[in-house]
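Dear colleague,

I am passing on the structure we spoke of, and below it you will find my notes on what came out of it. Please read them with the coordinates open beside you.

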Amino acid sequence: MKSIGERIRLRRGELNITQQYIAERMGIDKSTVQRYECGKIRRIKYPMIICLAGILKTTPEWLAGEDEKNILPKNHKNNRKDI
């Protein structure tokens, strides 16, 4: 089973987006995203997981390792306008 950091890195690579892009969208430092990915921060607060999932176009459940489907359903409506 992949860690949340591995899932972030994997999905970020699939979407071809940078750590800097994620950091800017989340309002955090790039170093925090780096620490997420390398596992130095293991307990990411749920609101941050939700935000990450939106940026990475996946579900919070997939990021947290609770679901193996990493793509949002076609009928999913994201209420966030900034993602």
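In what follows, a residue is called buried when its relative accessible area is under 20%. Please keep in mind that this is a predicted model.

I began with helix 1, residues 4-15, where I4, G5, R7, I8, R11 and R12 are buried. These residues cover an arc of only 160° around the axis, which puts them on the same side of helix 1. Among the elements that cover them are helix 2 (19-26), helix 3 (30-38), helix 4 (46-55) and helix 5 (60-63). The length of helix 1 is also as it should be, because 12 residues at 1.5 Å each should span 16 Å, and the C-alpha atoms at its ends do lie 16 Å apart. Just after helix 1, N16 adopts a positive phi of about 55°.

R7, which has its place in helix 1, has a relative accessible area of 2%, and therefore counts as buried. Its side chain reaches the backbone oxygen of K2 at 3.4 Å.

The largest nonpolar core holds 17 residues, of which I8, I22, M26, L52, L56 and L63 touch the most other members. Helix 1, helix 2, helix 3, helix 4 and helix 5 each give two or more residues to this core, and the largest share, 5 residues, comes from helix 4. As for L56, if its neighbours within four places in sequence are left aside, this residue is in contact with I8, R11, R12, L15, I17, I22 and L63.

With best wishes

How values were computed:
Residues are numbered from 1 along each chain as its sequence is written. This is a predicted model: local features need pLDDT of at least 70, side-chain atom pairs count only at pLDDT 80 or more; totals for chains, interfaces and linings use all residues. Side-chain values use heavy atoms; hydrogens and water are left out. Helices (H or I, at least four residues) and strands (E, at least two) are DSSP runs, numbered from the N terminus. The expected span of a helix is 1.5 Å times one less than its number of residues. Buried means under 20% relative accessible area, exposed over 50%, partly exposed in between (1.4 Å probe, protein chains only). The arc is that of the directions from the helix axis to the C-beta atoms. Contact means heavy atoms within 4.5 Å. A nonpolar core is a set of buried Ala, Val, Leu, Ile, Met, Phe, Trp, Tyr and Cys residues joined through side-chain atoms within 4.5 Å. A polar contact is a pair of N or O atoms within 3.5 Å; within protein, one must be able to donate a hydrogen and the other to accept it, and residues adjacent in sequence count only if both atoms are side-chain atoms.
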